Amino acid sequence: MPSPTVYFVRHGQTEWNAAGRFQGTQDIPLNDLGKSQAIRSGELLVDILAGDSHIPAKMPFVSSPLGRARNTMELLRGALGVPPHDYELDDRLREIGYGHWEGSTLPQMELSHPEVFAERQIDKWGVPPPGGESYASVTIRMRDWYDSLIQDTVTVSHGGSMRALLVALDVETPVGASDLMVEQGVVYVFADGQVTKHS
């Protein structure tokens with residue numbers, strides 16, 4: 001049986017994204033740009049799914065439980081013309097936990113825990129933020145989530161979660177994924193061992 005295709009959307013922008021603050025598990029709502037990015041993702045999905053002979057109403061949609069992801073999912077489903085709230089939540093899709101650093105910018109992180117910050121400069125994948133989780137552990141839960149899929153799926157999740165999924169599916173190395181920019185308002189299609197960005 002072929003591996004399921006994942007149509008991956010990162011949630012739209014929040015004010016913390018705009019300010020360079022790391023959100024992690026904090027529930028920060030979409031700003032106006034974020035809402036328009038979510039709708040744009042849905043508009044892109046109309047053509048992408050049609051091109052793959054998918055009918056949105058017959059596909060599984062699953063989101064991170066965090067509000068910014070759920071709001072993105074509901075807006076993109078509206079753009080697809082399907083009921084906004086008819087989707088599943090999966091906690092494995094939540095963002096990487098930044099622990100004590102949630103709400104901080106990079107300079108603030110360095111000031112608050114300089115030793116851990118320095119260690120993460122060397123090994124961003126393996127060293128967790130203070131009180132947070134490592135990318136290595138997020139990779140395990142994202143692999144577990146992917147292995148639970150039984151058909152092609154649309155998902156809304158987070159930048160850190162996508163980096164982990166890239167490594168979990170051997171599309172990217174930890175070093176290559178750790179600083180990869182995951183864009184908002186686009187759709188990433190994971191299929192046949194590679195990822196294609198649609199914007």
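Student: Why is Asp 91 called partly exposed?

Tutor: Asp 91 has a relative accessibility of 47%. Buried means under 20% relative accessible area, exposed means over 50%, and partly exposed is in between (1.4 Å probe, protein chains only), so 47% puts Asp 91 in the partly exposed class. Keep in mind that this is a predicted model, where local features need pLDDT of at least 70 and side-chain atom pairs count only at pLDDT 80 or more, while totals for chains, interfaces and linings use all residues. Residues are numbered from 1 along each chain as its sequence is written, and side-chain values use heavy atoms, leaving out hydrogens and water.

Student: What makes the contact of Asp 91 and Arg 94 a salt bridge?

Tutor: A salt bridge needs a side-chain nitrogen of Lys or Arg within 4 Å of a carboxyl oxygen of Asp or Glu. Between Asp 91 and Arg 94 the N to O distance is 3.0 Å, so the pair qualifies. Arg 94 is partly exposed, at 24% relative accessibility.

Student: Why can we say that Asp 179 and Lys 124 tie together separate parts of the sequence?

Tutor: Their side chains form a salt bridge at 2.8 Å, N to O. Asp 179 sits in the loop between helix 8 and strand 5, and Lys 124 in the loop between helix 5 (114–122) and helix 6, so the pair joins parts 55 residues apart in sequence. Helices (H or I, at least four residues) and strands (E, at least two) are DSSP runs, numbered from the N terminus.

Student: How do you know whether Asp 179 is buried or exposed?

Tutor: Its relative accessible area is 63%, and that is over 50%, so Asp 179 is exposed. Lys 124, with 24%, is partly exposed.

Student: What makes Lys 197 and Glu 183 a salt bridge?

Tutor: Here the N to O distance is 2.6 Å, which is within the 4 Å limit. Lys 197 lies in strand 6 and Glu 183 in the loop between helix 8 and strand 5, so this pair links parts 14 residues apart in sequence. Lys 197 counts as partly exposed at 40%, and Glu 183 does too, at 30%. Elsewhere, salt bridges with shared partners join Asp 91, Arg 94, Glu 133 and Arg 141 into one network. The whole structure has 9 salt bridges.

Student: Which residues touch the most other members of the largest nonpolar core?

Tutor: They are Trp 145, Leu 165 and Phe 190, in a core of 27 residues. Strand 1 (6–10), helix 6 (135–147), helix 7 (159–168) and strand 5 (187–191) each give two or more residues to this core. Apart from it lies another core of 18 residues, including Tyr 7 and Leu 49. A nonpolar core is a set of buried Ala, Val, Leu, Ile, Met, Phe, Trp, Tyr and Cys residues joined through side-chain atoms within 4.5 Å.

Student: What makes strand 3 and strand 6 edge strands?

Tutor: The 6 strands form an open, mixed sheet in the order 3-2-4-1-5-6. Strand 3 (88–89) and strand 6 (194–198) each pair on one side only. Two strands pair if DSSP finds at least two bridges between them; strand 2 (61–63) and strand 4 (153–157) have 3 and run parallel, so they count as paired.
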